[in-house]
Amino acid sequence: HDDLPDQRYAERDPMSAVLAEVDAGVTTRLVQPQMLSEVMRYSREAFEKSNYAPLGFNAVMWRNVLRGAMMDRTMLPLSAWRAQRCVGLLVGQLGPLPWCTGLAATDIVFVADQGGDILLRKFIEWARLHKCRRIDMAVSDTAGRRGYDRLYATAGFERAGGVYFMQEVQ
């Protein structure tokens with residue numbers, strides 16, 4: 001089946017071994033080409049439950065972002081799986097710190113019905129491996145805010161303001 005995680009990928013990419021984890025039946029894996037159909041299904045489902053839904057899901061654009069993230073060493077496309085179903089997704093990236101030297105890590109997308117704590121822990125490990133001086137995470141969806149606040153606080157993050165959004169900017 002072409003949507004199942006490929007164990008051979010770990011042999012090609014040493015980061016896979018660091019990022020892969022099984023905890024309470026949830027497995028984390030780097031997103032791989034053969035996983036895209038299932039990751040896209042989960043992405044669409046998560047998108048439709050978010051405050052982004054009125055903007056319309058663009059499957060072509062998101063698939064291209066995921067493909068790019070798989071090839072770009074400054075990006076981390078990490079997924080959570082239970083029983084061959086994607087149940088979480090964290091796509092992160094590295095970038096320069098503003099106003100000082102060093103790297104920062106941030107999320108582009110972080111959504112999880114299960115395994116969010118594992119995804120976040122693996123993202124932090126990835127940032128440490130890249131010697132990031134700072135990790136910035138932002139909750140831009142208005143649903144489930146308390147869960148993320150608890151998750152981030154438990155992982156050692158401090159609140160630094162919030163995210164403000166304006167949709168359909170013309």
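Ala83 sits in the loop that links E3 to strand E4 (85-96); helices (H or I, at least four residues) and strands (E, at least two) are DSSP runs, numbered from the N terminus. This is a predicted model, where local features need pLDDT of at least 70, side-chain atom pairs count only at pLDDT 80 or more, and totals for chains, interfaces and linings use all residues. Residues are numbered from 1 along each chain as its sequence is written, and side-chain values use heavy atoms, with hydrogens and water left out.

Phi of Ala83 is near 50°, a positive value in a residue other than glycine. Most residues other than glycine have a negative phi. Ala83 is exposed, at a relative accessible area of 68% (buried means under 20%, exposed over 50%, partly exposed in between, with a 1.4 Å probe and protein chains only). Trp99, found in the loop between E4 and strand E5 (103-112), also isn't a glycine, yet its phi is positive at about 70°. Trp99 counts as exposed too, with 89% relative accessibility.

Strand E2 (residues 26-30) tells another story: five of its five residues are buried. Val26, Thr28 and Leu30 cover one side, with Thr27 and Arg29 on the other, and all are buried. E2 runs antiparallel to strand E3 (residues 75-82), and four bridges join them (strands pair if DSSP finds at least two bridges between them). Arg29 has Ser79 as its bridge partner in E3.

As for the whole chain, there are six helices and six strands, in the order α-α-β-β-α-α-β-β-β-α-β-α along the sequence. Of its 170 residues, 41% count as buried.
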